[in-house]
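Visitor: I have a model open and want to go through how it is put together. Can you take me through it?

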Amino acid sequence: MTTEPFDAVQVITAKRDGRALSDAQIDWVLDAYTRGAVAEEQMAALAMAVFLNGMTPGELARWTAAMIATGERLDFSGLGKPTADKHSTGGIGDKITLPLGPLVASYGVAVPQLSGRGLGYTGGTLDKLESIPGWSGALSNDQMRRQLAEVGAVVAQAGAGLAPADRKLYSLRDVTGTVDSIPLISSSIMSKKIAEGTSALVLDVKCGTGAFMREPERAKQLAETMVGLGAAHGVKTAALITDMSTPLGLTVGNALEVRESVEVLAGGGPADVVELTLALAAEMLRLAGVDADPAANLANGKAMDCWRKMVAAQGGDPDADLGWARESQDVPATADGVLTRLDALGVGVAAWRLGAGRARKEDPVQARAGIVLHAKPGDHVRAGQPLMTLHTDTAELFARALEALEGAWEIGAEEPQRQLILDRVPEQL
Ligand code: URA
């Protein structure tokens, strides 16, 4: 005799038939799924019904709250400084978290970044930072709080305690064709970010071949949905929609991206990485109530000081030589002209095949594998000049990486226009 207040089949059929679920049904189904009282196949059917029929704004806000309620919610309100965080929906060469956290923290804001490992061709911030000898993201909540008080910036591995319903549901969606749903993506991301305890949040919603969202309209819809969810939970949330049709910066791969981030913190680095870092920092500072131009602390070394403290506080050596992979191979331009296209997805898959990413959660990554770009769209190139250099510890991986790059770039006559920041969704509070 079951003591459950609802029947999973009734919840599934309600959503299947296009009816809105009640608050009580939503609370129950997510809690029961997390406890194991709703079976994987039942949740798979419900996820597909949500995928096909969507959710009302009210259902979505409740669904997100119910996901948060399955775990702990961190609280940094006692720190005596504002908190702000950034979340990117993921892209190729997206190392922005690395310079951004210390930059914003250098203005007295606490930046409690909880990050994951990469799966597939988008890299994870933890994988990048783990290429620094000694660095660890395995921190307890107390260690995280202490580092936020003393240094301001922290990057910690998201523990199992935050939104455990999402952990199960995301794995299930991955194998049931239900990832690409705006309500399911937005509740998944926002449940974790809200549970993380930040009071302000800036979203970097990527759009283009290397992103979940290929079309600007869908990216905007996702951004607006997440901004609304943040507001519904008392987190000041704004979003930028940014181009991910070509990689960010000139490096893709863990140690390679750390090296480039350090260049940005030293006042140099590629223009697009600097532009996006400053744009996101400006949004975070504004939402945190700090009136400052973030370019100042990149130029005067304060962001770099904070980076060094952050790395050292987590056991890393900020002066360590990150080294180079054992093998490298250039990819030459085939004609004189302008690089008109360099496809984010092709480069991302190639870097992944070189060992920079993993196919399964438990796979190791090569810290030094990846790609260094020598030209970006708009640059003039000459036949034979290297367009990029592939790096790996395993020479046999070059062939498959080169296959991924077939058709991923074009040389022509006209300079392409790239707008990095495509749109902005302001906060609702
Ligand atoms: N990232 C998440 O955390 N969840 C999604 O559903 C998609 C991207």
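Guide: We can go through the domains, the cores, some strands and the salt bridges. Keep in mind that this is a predicted model.

Visitor: Fine. Into which domains is the protein chain divided?

Guide: The assignment gives domain 1 (8-54), domain 2 (77-319) and domain 3 (327-412).

Visitor: How far apart are the centres of domain 2 and domain 3?

Guide: Over C-alpha atoms, the separation is 25 Å. In the contact between them, 26 residues of domain 2 meet 27 residues of domain 3. The two domains bury about 1900 Å² between them, with 60% of that area on carbon and sulfur atoms.

Visitor: And how many salt bridges between domain 2 and domain 3?

Guide: Two. Separately, Asp-127 and Arg-358 form a salt bridge, with the closest N and O atoms 2.9 Å apart.

Visitor: Switching to the largest nonpolar core. Which residues have the most contacts inside it?

Guide: Trp-307, Ile-371, Met-388 and Leu-390, in a core of 74 residues. Helix H12 (residues 271-287) supplies the largest share, nine residues. Domain 2 and domain 3 both contribute residues, so this core lies between them. Apart from it there is another core, of 59 residues, including Tyr-33 and Leu-148.

Visitor: What is Met-388 in contact with, leaving aside its neighbours in sequence within four places?

Guide: Among its contacts are Leu-342, Ile-371, Leu-405 and Trp-409. Two of these turn up again in strand pairing: Leu-342 stands opposite Trp-409 in E12.

Visitor: How does E8 run relative to E12, parallel or antiparallel?

Guide: Antiparallel, with four bridges joining E8 to strand E12 (residues 409-412). E8 (residues 337-342) also pairs in the antiparallel sense with E10 (residues 380-381), over two bridges. There, Gly-337 has Val-381 as its bridge partner.

Visitor: Back to charges. How many salt bridges is the count?

Guide: The count is 28. One of them joins the side chains of Glu-59 and Lys-15, at 3.1 Å from N to O. Glu-59 is in helix H4 (residues 57-69) and Lys-15 in helix H1 (residues 8-16), so the pair ties together parts 44 residues apart in sequence.

Visitor: Are Glu-59 and Lys-15 buried or exposed?

Guide: Both are buried.

Visitor: What does Asp-272 form a salt bridge with?

Guide: With Arg-418, the closest N and O atoms being 3.0 Å apart. Asp-272 is in helix H12 and Arg-418 in the loop between E12 and strand E13 (421-425), 146 residues apart. Asp-272 is buried at 10% relative accessible area, while Arg-418 is partly exposed at 33%.

Notes. Residues are numbered from 1 along each chain as its sequence is written. This is a predicted model: local features need pLDDT of at least 70, side-chain atom pairs count only at pLDDT 80 or more; totals for chains, interfaces and linings use all residues. Side-chain values use heavy atoms; hydrogens and water are left out. A nonpolar core is a set of buried Ala, Val, Leu, Ile, Met, Phe, Trp, Tyr and Cys residues joined through side-chain atoms within 4.5 Å. Buried means under 20% relative accessible area, exposed over 50%, partly exposed in between (1.4 Å probe, protein chains only). Domain bounds come from an automatic or database domain assignment. Contact means heavy atoms within 4.5 Å. Two strands pair if DSSP finds at least two bridges between them. Buried area is the accessible area (1.4 Å probe) that two parts lose on being put together, summed over both. A salt bridge is a side-chain nitrogen of Lys or Arg within 4 Å of a carboxyl oxygen of Asp or Glu.
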